[in-house]
Amino acid sequence: MNRKSMVFTLITLLFLISMLMLSLTYYRNTRDPAKQLSGSLAGDRMRYLEDDTAGSIYTDLFSTDLPAIAHLPGETILNFSGIILSETSGRQSLIEEYSQFVQSNYSGMTNIHASLENLSGKFRVEPFGSEISIADSNLTVSGQNSSALQQIIISVRVDRQLSALTSNTTPPDTGTTAVSVNIYDSDGNFVAGADSHLDPSAYNIPFSAAFGSSLINISFGNLVNGDGTLLIDAEGLEANITLLSLAYSQSDTLSLVGGRIHLLLPAWGMEKNADIILKRG
Amino acid sequence: MTPAKRNAGKIAGKKAIIFTIDAILALILGLSIILASLFYLGKASAPSQGETLQLISQDALAVMEKNGQLSESVSGATALPLESAIDMLPPNTCARLAVYSSLHEKISETLRQNCRFSEDYVLTRRLFVSEGNLYYAEMEAWYR
């Protein structure tokens, strides 16, 4: 009888120990899913695929560095440089090709489902509500509160000679937003520009320089996209925006968001659907 | 021995057999659960060799892209940047690195020095853009 009791006790203990070990394992694996995910091989794989498809989209597709972000008391400054506007840049077709390649070929080759949604050369500047759109031959900044931008500095170099300049215009002061524009020719000679104070809710005469039928046009004010819209348009020439500085009248952490990425890894049973954060600072 | 005592002895003998079988079954079940949980615990913390190779390949390709070596290999039409890049892999690792256009045409191919090709490899890919054109690199890695 004593032996039977001992065997029964031992078996019960073994069962209890095994149940305890299983419970502990389950607890360890589920107490911090984010940590578990980031430390796991599946997490590494997901992170690699995200970095591969969306990590350097801006620099790859726009052939330029990410903008610099600076914070001063009461303002946040976003500085772009080296953006080339040209009707022959092929930027839009490259974006479409890239997006299509990721969705079809890359997904097939890596045995996943990857897609880039709303990838079109448009970026949101959060939390200021601006949308920056870079097309082949024009760049638009719009959508922000009309008083959000307090200063804009633009420096552009065009592939034309000062001697070929046929006309130029600069706007008179109409408001309080400081807009400073400098247009240079291919040799670095000053062509046109001025330091103006413009009303974001009014139609203002553009800063422009015409070389025969070719034209660089920089407008700020009430345009097609609403109040406070900035438009840089290069018609029939190549314009290298060496500096585009946007100063927002608020000091806050800024995020540049461009499209969304969707990744599905069927083999790992994992899915990710997130904004593509190009830069935060 | 009375018939009553003989019957009692037979019943006790049967009970003992039943209890022994029951105990053995329970022991087997208990040990299997413990072994299963130990296996489960061990599996989570020890990546296989293939998984380690995959991580090495992913890191190597990411570094090559961010350093511009992949881009240089197509813009300069030379495999030198790729040769120096795969030489940076751990000494016990062999690799073959090929670069393709988006139309799957092979642009270049490099095999690490003193390596013989193996059938037992891990395959990793990396997208990159150079001078407005889309390419991808394909790395096959294996242990020496």
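Modeller: The following account describes the interface and then the sheet beside it. This is a predicted model, in which local features need pLDDT of at least 70 and side-chain atom pairs count only at pLDDT 80 or more, while totals for chains, interfaces and linings use all residues. Residues are numbered from 1 along each chain as its sequence is written, chains are lettered from A and ligands numbered from 1 in the order in which they are written, and side-chain values use heavy atoms, with hydrogens and water left out.

In contact (heavy atoms within 4.5 Å) are 30 residues of chain A and 30 residues of chain B. The buried area (the accessible area, with a 1.4 Å probe, that two parts lose on being put together, summed over both) is about 2900 Å², and carbon and sulfur atoms give 69% of that area. On the side of chain A, A:Y48, A:F101 and A:M109 lose the most area to chain B, together 20% of what that side buries.

The interface also holds 3 salt bridges (a side-chain nitrogen of Lys or Arg within 4 Å of a carboxyl oxygen of Asp or Glu). One salt bridge joins A:D52 to B:R126, with the closest N and O atoms 3.5 Å apart. Helices (DSSP runs of H or I, at least four residues, numbered from the N terminus) α1 (2-30), α3 (41-54), α4 (57-62) and α5 (91-110) of chain A each supply at least two residues of the side that touches chain B. Of that side, α1(A) gives the most, with 11 residues.

In chain B, 4 strands (DSSP runs of E, at least two residues) form an open antiparallel sheet in the order β2-β1-β4-β3; strands pair if DSSP finds at least two bridges between them. Across β3 and β4 (133-143) of chain B lies α5(A), running at about 175° to β3(B); axes are lines fitted to C-alpha atoms, for helices over the stretch in contact, and angles run from 0 to 180 degrees between N-to-C directions.
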